[in-house]
Amino acid sequence: MSAALSVGVFDGVHLGHRQILERAIARARAAGGRCIVLSFDPHPDLVLRPDFRAEPPLTPMPEKRERLRALGVDELVVLPFTRELAATGPEEFVERHLVAPYRPFALVVGENFALGRRREGNVQRLREIGATRGFEVDAVPLVEMGGSAVSSTRIRALLGEGRVADAAKLFGRPYSLGGAVVSGDAIGRTLGFPTANLRLSDEKLVPAYGIYAVRARIGGEREWRPGAMSVGVRPTFGGQVRTLEVHLIDWNGDLRGRDLDVEFVEWLRPERRFDDTAQLVAAMRVDVSEARNILSRAEAARR
């Protein structure tokens, strides 16, 4: 069976990526073929740019695979990205990695896409190759929002400033983290605000230090619960290690050993050091009250 292919890193699977992927899926379905996405690991910049500052992904591979599947992609193929692969000319790349294994009738990419040695395989070159190898190249325009293109780089910058609500607009969904709840030192419980200490399932970009209104789902449940989350080092207690702590509002129970998924809804305030625990508790009361109000409004808007 022939296929509609799309090629790219697709870190984040944001609105720009989805525009490309949905076009590829539509073309596959219209022709009775399969939609296959070809991606790379590690990120090409890690291999090609010595000055590149490595950051955790927005969507680790297991999450990326699941999000692509949910969209309707039939298969995700991951190519190990090496200098040898980067040095491959576009004709050889297309023949070896696209035509021979998948016999595509369509290649769907972004309008600024390029592959192969020195990015020689731009859309025009790929169309010339496709004319001889039996596939069309469908170039999808960039998605713009707020006067700029939606991109993983732009989303990373927003998350780095704690602007999770703005990032969610570019994602088309809230940014999320997931992992197992592990034992902590129970400081939150002694202050009247028990927290679940989250250990990430996969390495993933964490938003800026601060306090957030979040929604959380306990593993095995369908219900999303309101919460407040602290990302930081707990400076009031002289902390040095980053912790991810989630307080579920109006919920009591032991979450240790269970999985927890968290969606960031809104930034509340920066992390700060308080002079004593009384000041901290007062701030936490305000945080929880604000989170409750924000999440109530968000829930009402979804109905």
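Let me start with helix α1, residues 15–30, which lies across β1 (3–7), β2, β4 (104–110) and β7 and runs at about 165° to β4. Helices here are DSSP runs of H or I with at least four residues, strands are runs of E with at least two, and both are numbered from the N terminus. Axes are lines fitted to C-alpha atoms, for helices over the stretch in contact, and angles run from 0 to 180 degrees between N-to-C directions. Helix α6 also packs on the sheet: α6 touches β4 and β7, and its direction makes about 160° with that of β7. Contact means heavy atoms within 4.5 Å.

This is a predicted model, where local features need pLDDT of at least 70, side-chain atom pairs count only at pLDDT 80 or more, and totals for chains, interfaces and linings use all residues. Residues are numbered from 1 along each chain as its sequence is written, and side-chain values use heavy atoms, with hydrogens and water left out.

Now the sheet. It is open, has five strands in the order β3-β2-β1-β4-β7, and the pairing is parallel. Two strands pair if DSSP finds at least two bridges between them. β3 (75–80) and β7 (136–140) are at the edges with a single partner strand each, so one side of each has no neighbour in the sheet. On average, neighbouring strands are turned by 25° against each other, direction ignored. Strand β2, residues 34–41, pairs with β3 in the parallel sense over six bridges. Asp41 stands opposite Pro80 in β3.

Next, α5 and α6. The axes of α5 (residues 90–102) and α6 (residues 123–133) come within 11 Å and cross at roughly 55°. That makes α5 oblique to α6; angles under 35 degrees count as roughly parallel, over 145 as roughly antiparallel, 65 to 115 as roughly perpendicular, and the rest as oblique. In the contact, Pro90, Glu91, Val94, Glu95 and Val99 of α5 meet Arg125, Leu126, Ile129 and Arg133 of α6. By class, that is five nonpolar, no polar and four charged residues. Nonpolar covers Ala, Val, Leu, Ile, Met, Phe, Trp, Tyr, Cys and Pro; charged covers Asp, Glu, Lys and Arg; the others, Gly among them, are polar.

Last, α7 (residues 152–160) and α8 (residues 164–171). They pack at an angle of about 160° with axes 8 Å apart, and are therefore roughly antiparallel. Arg154, Ile155, Leu158 and Leu159 in α7 meet Val164, Asp166, Ala167, Leu170 and Phe171 in α8. This contact divides into seven nonpolar, no polar and two charged residues.
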